[in-house]
Amino acid sequence: MKKEKAKANGGARSYYETLEVREDATTDEIERAYRKAKSLYSDESVALYSLYSGEERKQKLLELSDIFNTLSDPAKRKSYDESLRKERTGAPSREWDSGSINAGRDAFEEYSEVGAFRDRITLRRALSVAEQDQMATEKFRILFNRLEQICLKGAVKSIAVTSAVKGEGKTMTAMNLAFIMATEFKKKVLVIESDFRNPSISSEYLNMGRLCGLVDVLKGEADIRSAINRLEDTNLHFLPARCSVKNSSLLLDSPGMRSVLLRSKEDFDYVIVDSPPIFPLVDISILSKCVDGMLLVVRAGATPKDIVKKAVRSLPKDNLLGIVLNCADSIHMKKYYY
Ligand SMILES: Nc1ncnc2c1ncn2[C@@H]1O[C@H](COP(=O)(O)OP(=O)(O)OP(=O)(O)O)[C@@H](O)[C@H]1O
Ligand SMILES: [Mg+2]
């Protein structure tokens, strides 16, 4: 969130004023107002197109998305209303520099009464977007912007990241996408590691220490809230597998897994599921029934076209949100894929 609007509302319009809704508006009214405001700045709005530069429109859309994110989440809205009230009654203004992350923190304080998502996980392996790799960051920014348009249209919250075969960049894509969603776009994101045969988030990306994971939850040996951990200073949460299991389809096809996927959509803006590859196993067909959409990662120049086509055909038709071409810069894509 930008600093100028971060100072609660000192002089600036309140979120309600920006959306032109009453302060006691229902969630439905807020959503309608948000969609209306957003449509004014979208690509289709020819009239405004000439009044705003691309960058201005992008900023405005981000701001609106931030506002919607805050007002549509009861905990964040409560926290925002509180800061508004304090400011109006002359109480010292609250620090809002971290925007909805702060609002998120309040939500976690509430959760702590019932067993908090713990704020104690750290990254073991650097992510391109976290390391200020400008090129990579811009690509993930664009990916999220496109994805969000699809997600908002189709009420998609849980997204499985898969690929035709192993090693195409699923985990790298899931991690970087989730990171930018949480840090730059202020979404409350949960990454679930469901690739039980090759749980590289647990083994390579996170400092797991003695933390428990999804495998423990599905075996009934840990509570879900104790297995979800927040990456420090962000609104990004992880539910890592913790360890590998041989018969992964049994875990994936369990009522416990279905309820984790269903329940987590209530608590998070987006749930990114780092998934097994489509071939040669049945795992992904089980998983595809429990998520709202799938993102297919294709390693450019590596995966034969026929395999990619077969993979696409094997997914439920309306489940495929899009294809991410990984390592696309290095080869002549047209020649290869079209
Ligand atoms: N765009 C990229 N640039 C550089 N290295 C990459 C890129 N994408 C993936 N890699 C590297 O390739 C390897 C495989 O990537 P990743 O683990 O994300 O693939 P995966 O599809 O999750 O594999 P698996 O099926 O084994 O889980 C990793 O070492 C990763 O760092
Ligand atoms: Mg992986």
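**Questions on a predicted protein–ligand model**

The protein in this predicted model has 17 helices and eight strands.

Trainee: What percentage of the residues of the protein count as buried?

Mentor: The structure is a predicted model, and the protein has 338 residues. A residue is buried if 20 or more other C-beta atoms lie within 10 Å of its own. The share of residues that count as buried is 37%.

Trainee: What is the mean pLDDT of the protein, and which stretches have a pLDDT below 50?

Mentor: The mean pLDDT is 80, and 80% of the residues reach 70 or more. One stretch below 50 has four contacts in the model beyond near neighbours in sequence, and it covers residues 45-51. In another stretch the pLDDT stays under 50, with nine contacts beyond four places in sequence, and it covers residues 331-338.

Trainee: Among contacts with a separation of 6 or more, what percentage is between residues 24 or more positions apart?

Mentor: The count covers contacts in the protein with a separation of 6 or more. Of these, residues 24 or more positions apart account for 78%.

Trainee: Which helix gives the most residues to the shell around ligand 1?

Mentor: Ligand 1 is surrounded by 14 residues, and the closest are Lys-166, Gly-169, Lys-170, Thr-171 and Met-172. By class, the shell holds three nonpolar, seven polar and four charged residues. With three residues, spanning positions within 170-183, the helix that gives the most is α9.

Trainee: How are α8 and α9 oriented to each other, roughly parallel or roughly perpendicular?

Mentor: Two packed helices are described by the angle between their axes and the distance between the axes. For α8 (residues 134-154) and α9, the axes are 9 Å apart and the angle is about 75 degrees. Angles of 65 to 115 degrees count as roughly perpendicular. The two helices α8 and α9 are therefore roughly perpendicular.

Trainee: Which residues of α9 meet α8, and how many residues of the contact are nonpolar?

Mentor: From α8, the contact takes in Ala-136, Thr-137, Phe-140, Arg-141, Leu-143 and Phe-144. Their partners in α9 are Asn-176, Leu-177, Ile-180 and Met-181. Of the residues in this contact, two are polar, one is charged, and the number that are nonpolar is seven.

Trainee: Where does Ala-130 lie, and what is its C-alpha distance to Phe-179?

Mentor: Ala-130 is in the loop between β1 (118-121) and α8. It has 19 other C-beta atoms within 10 Å, so Ala-130 is partly exposed. Ala-130 and Phe-179 are 49 residues apart in sequence, and their C-alpha separation is 7.4 Å.

Trainee: Glu-20 has a positive phi although it is not a glycine; is Glu-20 buried or exposed?

Mentor: The phi of Glu-20 is about 60 degrees, and the residue is found in the loop between α2 (15-19) and α3 (27-41). There are 11 C-beta neighbours inside 10 Å, so Glu-20 counts as exposed.

Trainee: Arg-242 also has a positive phi; is Arg-242 buried or exposed?

Mentor: Phi of Arg-242 is near 90 degrees. Arg-242 lies in the loop between β5 (236-239) and α13 (248-252). With 24 other C-beta atoms within 10 Å, Arg-242 is buried.

Trainee: Which residues does Leu-320 contact, leaving aside neighbours within four places in sequence?

Mentor: Leu-320 lies in strand β8 (residues 320-326) and is partly exposed, with 16 other C-beta atoms within 10 Å. Its C-alpha is separated by 9.5 Å from that of Ile-159, which is 161 residues apart along the chain. Leaving aside neighbours within four places, Leu-320 is in contact with Met-294, Leu-296, Val-312 and Leu-315.

Key. Residues are numbered from 1 along each chain as its sequence is written. Chains are lettered from A and ligands numbered from 1 in the order in which they are written. This is a predicted model: local features need pLDDT of at least 70, side-chain atom pairs count only at pLDDT 80 or more; totals for chains, interfaces and linings use all residues. A residue is near a molecule or strand if its C-beta atom, placed from the backbone, lies within 6 Å of it. Helices (H or I, at least four residues) and strands (E, at least two) are DSSP runs, numbered from the N terminus. Ala, Val, Leu, Ile, Met, Phe, Trp, Tyr, Cys and Pro count as nonpolar, Asp, Glu, Lys and Arg as charged, and the others, Gly among them, as polar. Axes are lines fitted to C-alpha atoms, for helices over the stretch in contact, and angles run from 0 to 180 degrees between N-to-C directions. Angles under 35 degrees count as roughly parallel, over 145 as roughly antiparallel, 65 to 115 as roughly perpendicular and the rest as oblique. Two residues are in contact if their C-beta atoms, placed from the backbone, lie within 7 Å. pLDDT is the predictor's confidence in each residue, from 0 to 100. A residue is buried if 20 or more other C-beta atoms lie within 10 Å of its own, exposed if 12 or fewer, and partly exposed in between; C-beta atoms are placed from the backbone.
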